[in-house]
Amino acid sequence: MTRIGLWLGLGFLWLPVLLLAGYAFSDSRVPFQWGGFSLRWFAALAANDRLREAAWLSLRIAAGSATLAVLLGGATGWVLARRGPFAGRAIFGALAGAPLVLPEVVTGLSLLLGFVLLQAATGWPAERGATTVLLAHATTGLAYVAVVVQARLAGMDASLEDAARDLGATPWVAFRTITLPLILPSLLAGWLLAFTLSLDDVVVASFVSGPAGTTLPMVVFSMLRLGLTPEVNALAVVILALALLVGGVAGWALRRVGN
Amino acid sequence: MSLLEIAGLSKHFGGIAALEALDLRVEPGEFLALLGGSGSGKSTLLRLVAGFEQPDAGSIRMEGRDLVPVPPHARPLNMMFQSYALFPHLSVQGNVAYGLKRDGVPRAERDARVAEALEMVGLAGFASRMPHRLSGGQRQRVALARALVKRPRLLLLDEPLGALDANLRERTGFELRALQRRTGASFIMVTHDQNEALALADRVAVLEAGRLVQLGPPRAVYERPATRFVANFLGAANVLEGQPDGAGGLDCPTLGASLRPAEPMPPGATACALRPERILAQPGASGPNTARGVVEDVAFRGDDSLLLVRAAGGALLRVSHAEEDGPPPPPGTALDLRWEAAALVPLAG
C-alpha cells in the first residue's frame, strides 16, 4: 500500500518533468508531438543568443543575490538567535521573515515603488535592470537564510561560544573558529535556496526589471506569446542536469561538513 | 593573600536580585563548593567570576588584580561547563588544544601538553576521537582536560558531576578531588547536590536567594547549620519551632516537648535543628528533650529506615532507625523519643 502511494507520488511529481525532457529529443516542431529522435533543438538552443545571454544574466543575478542574502541573512539570524531580548526584537523578527509569506505580487510591486521613490529622491538606481532584480531577490533570499541560520543557532549550545572565550578566544576568533564552522552547512543550504529562488523567479523580476535586465524565466515566459518550440524543452533538460549536479555536489559537501 | 576576593558583589536581572552584596574569599589550593537550589545565585556567581556577566556593584579581585574590566578571554582562570560545551567539529585533540592555540603555544609543546592533560584524566589514546563518539563520562573528562590544560590557578566547575549517572558520579568525584590536589589549583564547584558538596569540598558556601547564608568546612556546616534554610537543605534536619522559655530553652507545643540545648538559645532565636539520626527511641523517656509520637510511615533507605513520627502536639518528626537495631517499628506504633542536649542546634534565622 505505502509502496503504491510512493510510486503514485513520485509519478505525480516527476512524470511531467520526464515527458518534458523526453520531447526535448523529438524532431517535431510542436513541443508535445513525437517526431523521431533528434538533437536539433539543443543545437538551436546553442545558437540562440537571446536565451544564452538571459541564462548567463540569470546565473549572475542568482549568485550575486544569494551571496548578499547569506551575508545579510546570516547576520540577521545570528542577531535573532544570540543577542538575547532587545527592544523591538519581536517586530524585527517578524519583519525579517515577512517576505516568506508576502504574495510575490505584493513584494514585487512594493519593491518597484521603493526603487522609483529612491530614484526620485537620490537619483539612484538610475535605471531598473540587473541591479534592481539582484537587490529584490536578495531581500527574499535574506529571509530564508535568516530562518535557516536562526534555527541552526537555536539548536546549538550557546555555551560553546562561552567556552571558546573562556579558553582565550576574542569574540571574533570565537566566531571564526567555533560558530562559523558549525553554521556553515546552514549558510550553504541558505545560499543554494536563495540561488534557486532567484533563478526561477518571474513575478518579482517582472516588476523591478528594466530593458537591460531580462532574466531567463522572463524570456521563456515571453516566448509563450510567440508559440513554444522544443527549444524550451532542451533548455529544461540543460537546467535539470545542472540542478542535479549542483544538488549532488551540495549534498556531498554537506555530508562531509557534517562528519 | 587570598587567590580570589569577592566583595559586595551584586547582580540584578530585570529588577530581581540574583546576587545581593556577596562577600567571599577563596584561598590558594582550596576546593570550595557553592551549594544552593535553583535561583540561589550560584551559577550567576560563577558566570560573574568567569566574565560572562557584568556585576551591578562590587568587586572581583584575583591575586590583587581587579577582574571586573577584564574580558572573559583575558581572565587568568578557566571554566568547565555543565553541558561540557565540547566543540562538536573538533576532535578530542582539537578541543583540548584550543586554549593553547589561542595563547600561541608552539606546536610541539602544545602536543605534549595535550597528551599530558589527556593522560591525567585517563583518556590517553582518545586524541583523535570526535566528541559524539564518546560516552558521557569520557566527554566529562575531555571537558576537564580542556579546562586544565592551560594550568589555571583557578578552575570554575558548573555542576561537573550533574550529567553523570549515580555509580560514575562517586568515582568521578574522587578523581576530581585527586586532580585538584595534584594540580594545586583552586576549584570552585557549583552544585545543588549536598552530598557532592560535603564529600568533595574543603569548604562549603551555602547560598539562598542571592545571599551567602553559611560558609565553613563540610562537617561544621552539616552539624551546626546556621539557619532554617541550611538545616533543611543539608541532610534535611528537623526544624523545631517554639517560644523562648526564659531559661535558655524553647517551649515547643507542636511537639509536646521542651527543648534544652547544651548552649543557651541566643536572644531572639525561636527554632532548633535536630538531625533525624540523633533522635533515639527509648521506652519510658520523659522530661526535657523527650517527646512522644506515633509512627505514621516508614521508608527503607538501605543503611537505615526513615520514620515519620507524628508528635503528640501535631508536629511531624523525621527519625532515623539504624538497620543494626533490628526491624523498624511498623506504622501505628507509639514511640517514646529522646535526644542529647548537644544534638540541638539553635538557629539564627
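**Two chains in contact: questions and answers**

Q: How many residues does the contact take from chain A and from chain B?
A: Two residues are in contact if their C-beta atoms, placed from the backbone, lie within 7 Å. By this rule, the contact takes 15 residues from chain A and 15 residues from chain B.

This is a predicted model: local features need pLDDT of at least 70, side-chain atom pairs count only at pLDDT 80 or more, and totals for chains, interfaces and linings use all residues. Residues are numbered from 1 along each chain as its sequence is written, while chains are lettered from A and ligands numbered from 1 in the order in which they are written.

Q: Which helix gives the largest share of the side of chain A that touches chain B?
A: Helices (H or I, at least four residues) and strands (E, at least two) are DSSP runs, numbered from the N terminus. Helix 7 and helix 8 of chain A each supply at least two residues of this side. The largest share, 6 residues, comes from helix 7 of chain A.

Q: Why is helix 7 of chain A largely enclosed by the rest of the structure?
A: A residue is buried if 20 or more other C-beta atoms lie within 10 Å of its own, exposed if 12 or fewer, and partly exposed in between; C-beta atoms are placed from the backbone. The buried residues of helix 7 of chain A include A:Leu160 and A:Asp166. Their cover includes helix 8 (171-199) of chain A, together with helix 1 (42-50) and strand 6 (78-80) of chain B. The helix is largely enclosed because the buried residues number 6 of the 8.

Q: Is B:Arg182 buried or exposed?
A: B:Arg182 sits in helix 5 (residues 166-183) of chain B. With 10 other C-beta atoms within 10 Å, B:Arg182 is exposed.

Q: How far apart are the end C-alpha atoms of residues 59-80 of chain A?
A: The UniProt annotation "transmembrane region" (unreviewed entry) covers several stretches of chain A, including 59-80. Such annotations may be inferred rather than shown by experiment; positions follow the numbering used here, and feature names are shortened. Over residues 59-80 the chain is 100% helix and 0% strand, with its end C-alpha atoms 30 Å apart.
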